[in-house]
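Dear colleague,

I am handing over the structure below, and after it you will find what I noted while going through it. Please read the notes with the structure open beside them.

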Amino acid sequence: MAGSTNQELDVITIGRSSVDLYGQQIGNRLEDVGSFAKSVGGCPSNIAIGTSRLGLRSGVITRVGNEGLGRFIREQMVREGVSERGIVTDQTRLTALVVLGVESDTAFPTIFYRENCADMALEEGDVDPDFIATSRSVLVSGTHFSKPNAAAAQKKAIRIAKDLGRKVIFDVDYRPNLWGLAGHDAGESRYIASSQVTEAYRTILPDCDLIVGTEEEIRIASGEEDLLQALLAIRALTPGVIVLKRGPMGCVVYDGPIGGTLEDGIVGQGFPIEVYNTLGAGDGFLSGFLRGWLGGEDLQTAATWGNACGAFAVSRLLCSPEIPTFEELRLFLDEGSPHRALRKDKRLNHVHWSTTRRQEHPRVMALACDHRLQFEDMAREAGADVARIEAFKVLAVRAAAQVAQGRPGYGLLLDDKYGRSALFETVKHPFWIAKPLEEPGSRPLRFEVTQDAGGRLIEWPVDHCIKCLCFYHPDDPADLKAQQIDKLRGLYDASRAVGRELLVEIIAGTLGPLDDTTIPRALEEVYAAGIKPDWWKLEPQVSEDAWARIDATVTANDPWCRGILLLGLDAPLDDLRRAFKAARCAPSVKGFAVGRSIFGPAARAWLRNEMDDKAAIDDMAHRFSELTEAWLALELDPLE
């Protein structure tokens with residue numbers, strides 16, 4: 001396994017780093033695309049992310065602009081576990097951009113916005129020898145030999161790596177128009193013969209321990225048109241391992257003399273799948289191959305893993321976001337898939353989603369201020385205009401911020417109806433945020449504003465979690481349960497389609513008897529419908545046995561569930577402390593989301609003009625602080 005050496009990293013990739021904008025409408029011209037999905041792109045950056053997902057320790061050397069897209073790349077690298085030490089912020093150039101459409105399974109019009117872009121300004125001074133020394137290998141990429149400054153930077157990295165006895169990997173990465181050999185409208189072009197390119201590539205081949213390229217890339221690297229002769233020409237320059245990528249035919253690995261036919265090499269297992277978008281397939285392949293090669297596996301295993309990761313990439317839309325994690329790869333290799341279009345495999349998709357979430361949230365202590373009907377009742381009782389509710393919710397955010405002080409683990413539940421200004425306020429703070437979608441008090445469940453959940457969710461910030469309260473009891477009439485489950489299933493599907501986390505809140509105690517089996521049975525029925533929320537929000541339980549059953553239910557049905565948050569139901573703080581203690585036996589319980597117990601007294605007094613803003617903030621902060629301290633104290637105390 002990787003990580004057995006003294007180096008901190010397994011691989012450092014060098015070169016392109018862009019933002020990819022891929023058309024979300026499939027089967028039309030780029031001119032007709034209406035919306036785009038954003039992700040990190042550029043072969044070296046994709047491979048850094050892919051290898052990290054697969055369990056290697058990776059870093060990247062590149063440049064990004066001093067603007068939102070450059071910061072997005074840097075932040076995404078951190079989220080993916082990639083070392084950002086080698087990322088330089090260019091103060092004068094913009095981050096590179098790629099726009100792509102999917103016309104068909106063979107046509108992918110691509111536009112590269114790379115005129116004087118940040119990553120192509122990479123220079124020798126950006127390559128830190130101490131950083132190179134932390135890694136077992138460096139990966140250089142073909143495009144960055146197209147400019148003298150970038151080529152010099154990569155050659156410096158090669159020299160340092162060779163002097164230190166590290167491995168050098170060459171991703172041929174040939175794009176004719178990035179060498180100025182084709183026009184802006186020829187981004188899809190993969191091969192134009194060029195002695196200039198061949199000369200640049202041949203000069204670095206002798207230093208390479210691993211060379212990876214498509215049939216076209218092997219030809220351009222060698223200068224030979226015949227593929228077998230091309231392999232022989234490369235072998236004459238280097239004893240390194242050569243990997244020939246052959247698209248749907250998988251790959252052939254040559255370790256030693258080149259035989260008399262292309263097939264005289266090591267062939268990994270192939271995976272016939274439906275092609276959705278070929279861009280990114282090579283980056284997925286090389287990520288998987290490196291996971292095997294650097295991880296000490298034999299070449300056939302490395303080739304198989306590369307082929308499998310390439311299959312994932314071509315079966316999905318984007319590049320780096322589609323590369324599997326090692327958990328997903330193992331599941332696919334062990335059990336396969338009934339779908340040629342892997343993006344339609346719900347089991348694989350769930351593992352992919354669950355193991356690539358944007359942020360970790362091992363604990364959430366949230367002030368729930370998403371109430372609407374309850375606030376309207378408070379305003380009516382106080383004789384206040386409901387328009388004042390919006391201003392109060394801003395105070396609630398400030399109270400939570402006063403307690404959190406920028407630390408992770410704190411959150412807020414806020415709504416769009418009265419919480420719009422409060423949601424804008426949260427941008428200043430690193431809160432976990434959840435927003436309600438349900439129509440308050442609805443049973444059977446209905447959504448607020450519109451029943452088209454997907455259409456509404458596309459407008460939500462990507463880190464905002466969907467919260468949906470469902471009044472659901474397992475002893476409800478069958479037809480009522482069916483309606484509610486259908487509504488939740490539609491919301492679950494929409495949440496996955498738009499890439500938003502889902503919290504399902506179940507309240508059963510107001511609807512019928514609540515015993516040790518009530519909530520576990522309710523959760524089993526939701527899971528049986530194929531719904532796997534990222535979070536559950538549940539009411540305090542009658543016993544530790546109930547919590548043990550709930551915990552077992554969640555773990556058995558979805559080991560990747562984020563966890564359970566306790567709700568408050570306007571209970572006194574002392575009751576909530578006891579509820580916290582009772583839930584300690586359930587490891588799935590990760591925190592709480594409590595509302596009226598915290599904001600209720602301040603809201604009533606503030607709406608009656610008996611409390612000013614500062615007093616309201618201080619009162620809420622005091623109550624929220626008491627609950628967070630109670631939760632944290634239980635985490636620190638050993639279980640009896």
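The side chain of Ser17 makes a polar contact, at 3.0 Å, with the side chain of Ser45; please keep in mind here and below that the model is predicted. Ser17 sits in the loop that runs between strand E1 (11-14) and strand E2 (18-26), and because its relative accessibility is 1%, where buried means under 20%, Ser17 counts as buried. Leaving out residues up to four places away in sequence, Ser17 touches Ser45 and others, including Gly41, Thr62, Arg63, Ile73 and Asp119.

The buried residues of H18 are Ala546, Trp547, Ile550, Asp551, Thr553 and Val554; seen down the helix axis they fall within an arc of 160°, so they line one face of H18. Among the elements that cover these buried residues are helix H17 (518-528), strand E19 (535-538) and helix H19 (573-582). At the start of H18, a side-chain oxygen of Ser543 comes to within 3.3 Å of the backbone nitrogen of Asp545.

Lastly, the largest nonpolar core holds 85 residues, of which Phe392 and Trp536 touch the most other members, while helix H13 (residues 388-404) gives the most to this core, with 11 residues. Apart from it lies another core, of 43 residues, among them Ile14, Val197, Cys208 and Ile258. Setting aside neighbours within four places in sequence, Trp536 is in contact with residues including Leu503, Leu523, Tyr527 and Val554, and Val554 is also one of the buried residues of H18.

With best wishes

Methods: Residues numbered from 1 in each chain as written. Predicted model: local features only at pLDDT ≥ 70, side-chain atom pairs only at ≥ 80, totals over all residues. Heavy atoms only, no water. Buried < 20%, exposed > 50% of the residue type's maximum accessible area, 1.4 Å probe, protein only. Helix = DSSP H or I, 4+ residues; strand = E, 2+ residues; numbered from the N terminus. Arc of directions from axis to C-beta. Contact = heavy atoms within 4.5 Å. Polar contact = N/O pair within 3.5 Å; in protein donor to acceptor, adjacent residues only side chain to side chain. Core = buried A, V, L, I, M, F, W, Y, C linked by side-chain atoms within 4.5 Å.
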